[in-house]
Number of protein chains: 2
Amino acid sequence: MHAATREELLTVDGDRLWASLMALARIGATAKGGVKRLALTDLDRQGRDLVVSWGREAGLAVTIDKIGNIFMRRAGRNPALAPVVSGSHIDTQPTGGRFDGNYGVLAALEVVRTLNDRGIETEAPLEVAVWTNEEGSRFVPVMMGSGVFCGAFSLEHAYAAKDTEGLTVREELQRIGYIGTQEPGDHPIGAYFEAHIEQGPVLEDAGKVIGVVPAVLGLAWYDCVVTGMEAHAGPTPMPLRKDALLVASRIMQETVAIANRYPPYGRGTVGMVQVHPNSRNVIPGQVKFSIDLRNVSEALLTTMHTELLAFVERVRRESGLPIELERVSYYPPCPFEEGCVAAVRAATQALGYPSMDVVSGAGHDAIYAARVAPSAMVFVPCKDGISHNEIEDAKPEDLEAGCNVLLHAMLGRAHRVGNG
Amino acid sequence: MHAATREELLTVDGDRLWASLMALARIGATAKGGVKRLALTDLDRQGRDLVVSWGREAGLAVTIDKIGNIFMRRAGRNPALAPVVSGSHIDTQPTGGRFDGNYGVLAALEVVRTLNDRGIETEAPLEVAVWTNEEGSRFVPVMMGSGVFCGAFSLEHAYAAKDTEGLTVREELQRIGYIGTQEPGDHPIGAYFEAHIEQGPVLEDAGKVIGVVPAVLGLAWYDCVVTGMEAHAGPTPMPLRKDALLVASRIMQETVAIANRYPPYGRGTVGMVQVHPNSRNVIPGQVKFSIDLRNVSEALLTTMHTELLAFVERVRRESGLPIELERVSYYPPCPFEEGCVAAVRAATQALGYPSMDVVSGAGHDAIYAARVAPSAMVFVPCKDGISHNEIEDAKPEDLEAGCNVLLHAMLGRAHRVGNG
């Protein structure tokens with residue numbers, strides 16, 4: 001526990017939280033210390049079974065909807081109120097870590113366990129949510145369970161998704177016994193909180209324990225193709241060249257420059273490059289590459305988009321080479337609800353943790369939850385900002401701190417009754 | 001024949017040259033109009049047999065050395081003089097064209113045939129040379145026959161080279177019957193001329209028919225590795241990134257800039273790029289790429305080398321990222337002998353062809369021949385500068401013009417006797 005935690009405030013059992021995380025991490029554990037527990041596999045079933053058994057032990061009522069989302073309810077004094085929900089997912093990347101998603105689910109469970117220990121009642125019911133297939137490693141789209149829940153795409157669309165073996169989501173949900181009867185979305189949520197490792201380096205770099213997350217960055221993905229003329233590196237003088245890489249590398253640099261012009265949340269990344277024919281002594285005839293632009297507001301993202309287009313047009317004019325630029329994906333920025341963000345901030349301040357605002361650069365189930373309910377997130381540091389990797393790591397005391405913040409944010413929203 | 005050719009000058013039979021080229025191109029012809037005739041294959045044997053049969057028909061005496069180089073001699077009036085030799089190679093790339101190499105051999109043969117037709121004698125003997133395995137597609141090193149001949153590497157080294165099946169050069173030479181008894185290099189050469197398609201776009205771009213080749217560019221090849229930190233594109237703010245591609249792309253641009261600072265023969269090419277992990281939403285953690293620098297003099301190439309090193313050092317300092325730069329190959333520039341170059345220039349001018357000086361950017365057997373004898377080359381245009389490709393093409397009248405230049409350059413060097 002961090003020294004700054006005030007003794008008088010209710011706190012969770014960090015050891016129990018850690019023990020639960022480690023127990024769940026054994027299901028699909030990899031030799032390198034990570035977890036491989038792909039959505040709707042036997043391992044996913046084992047993980048779900050374990051979490052559900054813990055929920056039942058904690059006296060929670062379990063509901064499963066048609067896309068396999070699990071809701072485990074702790075009754076409130078007023079059953080007419082919509083529940084205050086917290087959760088995340090337990091499916092992992094093929095080379096995933098122990099904390100991504102799992103922490104959000106088990107932190108919510110630890111909140112419930114803590115309230116049970118103290119006999120604390122709330123006005124509104126509380127729920128632990130386990131969303132189906134957040135990672136999208138086996139079945140796309142990603143964030144499938146929360147996406148169907150909020151109506152981003154249809155249940156039938158999700159059911160029809162196939163893995164590389166040709167197995168569908170519907171078949172696999174049935175096979176593992178997690179196809180429920182409730183219509184997705186036919187399940188009111190009063191407020192939604194999600195605790196998660198940051199998956200980035202900001203908190204660690206700043207020496208903070210808690211990240212209050214005001215928003216998730218919007219993103220635009222582009223495919224860019226520059227077509228030059230393949231030619232021998234020796235016999236072709238510089239003025240006669242049509243070097244696709246020379247032109248492409250200018251756009252690569254501008255991608256970064258655009259992001260740098262719109263701090264602190266602007267992001268610009270060229271992650272994927274294919275050079276053709278990719279031979280040491282041949283001038284590249286074609287270069288294909290990806291562009292990833294992100295920012296916190298639609299206005300900023302639009303400005304970055306416009307500047308990218310203008311630069312590409314300028315380079316096209318100056319070089320005379322054909323350049324194709326296509327926007328292949330777009331997710332608008334997702335600001336979280338002010339009241340929920342304030343609840344996280346207030347809990348953090350009450351607990352005295354070093355904290356800062358951190359936007360989320362990655363997608364989370366909370367993005368879709370935010371479409372149907374007031375929502376917010378709590379971030380804790382992860383080692384070197386690394387996730388989606390078997391070496392993903394986080395400190396027990398940071399995970400405990402995040403869980404304490406979650407506890408008080410949920411209590412603030414669900415209205416604690418008495419002192420237990 | 002080009003209109004500018006002076007009628008009074010001796011000229012070759014362009015139709016016969018073309019017919020011979022097309023006949024040889026049938027051996028290993030591909031569906032796309034190219035030729036696949038890899039060194040020391042059955043097809044190479046068939047090609048050699050055809051050329052040797054033409055040589056014998058032309059009254060030439062055939063010698064084969066231990067690395068399979070073929071020399072076909074037309075006697076001179078003074079047998080004590082070293083021969084004036086011209087040739088090239090008839091092995092091709094796997095997707096090769098009809099002219100690369102083959103033209104140099106058959107142009108030399110056409111020179112001899114023309115002299116035979118006219119009964120013209122020369123003081124020095126003339127020889128047609130066919131060098132073994134210039135392309136290096138099946139066995140490395142490239143330019144193997146001329147390389148052994150001039151002592152660039154040993155006969156045993158060449159013999160031991162294996163193809164992907166594990167067959168050696170020695171075995172394959174024996175199998176196709178072209179392992180001779182003469183020690184490579186134990187064969188005096190008075191002067192060496194090689195006619196070749198340009199394999200570049202300069203002559204075509206300038207509307208010239210003949211390229212006088214004063215030199216072959218030297219080249220330095222480098223491998224460069226920039227190591228950053230792989231991280232998610234969303235959660236990682238710009239100031240905390242170690243983007244290997246951002247740094248690599250600066251060096252890519254500088255490679256071109258360095259070449260542009262040393263015209264007209266400076267060349268700078270990044271042909272090969274590997275980005276790791278090459279994923280759309282991951283900041284590149286490592287970028288490996290090749291650098292190819294060329295120029296006509298050792299001094300210029302050294303200056304370019306020094307500037308590259310200084311720039312890499314600067315970028316290393318500014319970015320803080322580790323950058324490895326290794327020079328993995330170096331071939332010094334090869335200036336041709338002034339007298340031989342002058343002979344080509346004089347022949348071109350006498351024939352009245354539109355011409356210009358063109359350095360060779362690619363390697364040729366003439367580079368090695370130049371180590372043991374005064375040498376020069378004659379270039380003719382090829383369509384769009386394309387070679388090492390089945391669509392490689394050249395105009396019959398340009399090939400004829402190059403052959404006429406070769407004829408007069410050789411005659412100038414071998415001293416024509418009388419008018420035939």
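Student: What average pLDDT does chain A have, and what share of the residues score at least 70?

Tutor: Chain A averages a pLDDT of 95, and 97% of the residues score at least 70, where pLDDT is the predictor's confidence in each residue, from 0 to 100. This is a predicted model, in which local features need pLDDT of at least 70 and side-chain atom pairs count only at pLDDT 80 or more, while totals for chains, interfaces and linings use all residues. Residues are numbered from 1 along each chain as its sequence is written, and chains are lettered from A and ligands numbered from 1 in the order in which they are written. The model as a whole scores ipTM 0.87 and pTM 0.87.

Student: Over which residues of chain A is the pLDDT below 50?

Tutor: The pLDDT is below 50 over residues 1-7 of chain A, although this stretch has 16 contacts in the model beyond near neighbours in sequence; two residues are in contact if their C-beta atoms, placed from the backbone, lie within 7 Å. Where pLDDT is low, the predicted coordinates should not be read in detail.

Student: What makes chain A as compact as a globular protein of its length?

Tutor: Chain A holds 12 helices and 19 strands, which are DSSP runs numbered from the N terminus (helices H or I, at least four residues; strands E, at least two). The radius of gyration of chain A is 24 Å, close to the 22 Å that the globule rule gives for 420 residues, so chain A is as compact as a globular protein of that length. The radius is taken over C-alpha atoms, and the globule rule is 2.2 Å times the number of residues to the power 0.38. Along its principal axes the C-alpha trace of chain A spans about 85 × 45 × 40 Å.

Student: Which domains does the assignment give for chain A?

Tutor: The assignment, which is automatic or from a database, gives domain 1 as 14-216 + 333-417 and domain 2 as 218-331. The centres of domain 1 and domain 2 of chain A, taken over C-alpha atoms, are separated by 37 Å. Across the boundary, 4 residues of domain 1 of chain A are in contact with 9 residues of domain 2 of chain A.

Student: How do you know that chains A and B have the relation of a two-fold axis?

Tutor: Chain B can be laid on chain A with an RMSD of 0.2 Å by a turn of 180° and a shift of 0.2 Å along the axis, and that is the relation of a two-fold axis. The copies are superposed by least squares on the C-alpha atoms of residues with pLDDT of at least 70 in both. In chain B, the C-alpha nearest the axis belongs to B:Ser249, 2.7 Å from it. The same surface serves both copies, as 100% of the contact residues of chain B recur in chain A.

Student: How many residues does each chain bring to the contact, and which element of chain B gives the most?

Tutor: The contact takes 51 residues from chain B and 51 residues from chain A. On the side of chain B that touches chain A, α8(B) gives the most, with 8 residues. By class, that side of chain B has 26 nonpolar, 18 polar and 7 charged residues, where Ala, Val, Leu, Ile, Met, Phe, Trp, Tyr, Cys and Pro count as nonpolar, Asp, Glu, Lys and Arg as charged, and the others, Gly among them, as polar.

Student: Why is B:Asn404 called buried, and why does B:Asn278 count as partly exposed?

Tutor: A residue is buried if 20 or more other C-beta atoms lie within 10 Å of its own, exposed if 12 or fewer, and partly exposed in between, with C-beta atoms placed from the backbone. B:Asn404, in helix α12 of chain B, has 30 other C-beta atoms within 10 Å and is therefore buried. B:Asn278 has 18 C-beta neighbours inside 10 Å, so B:Asn278 counts as partly exposed. B:Asn278 lies in the loop between β12 and β13 of chain B and has a positive phi of about 60° although it is not a glycine.

Student: Which peptide bond of chain B is cis?

Tutor: The bond from B:His276 to B:Pro277 is cis, with omega near 0°, and B:Pro277 is found in the loop between β12 and β13 of chain B.
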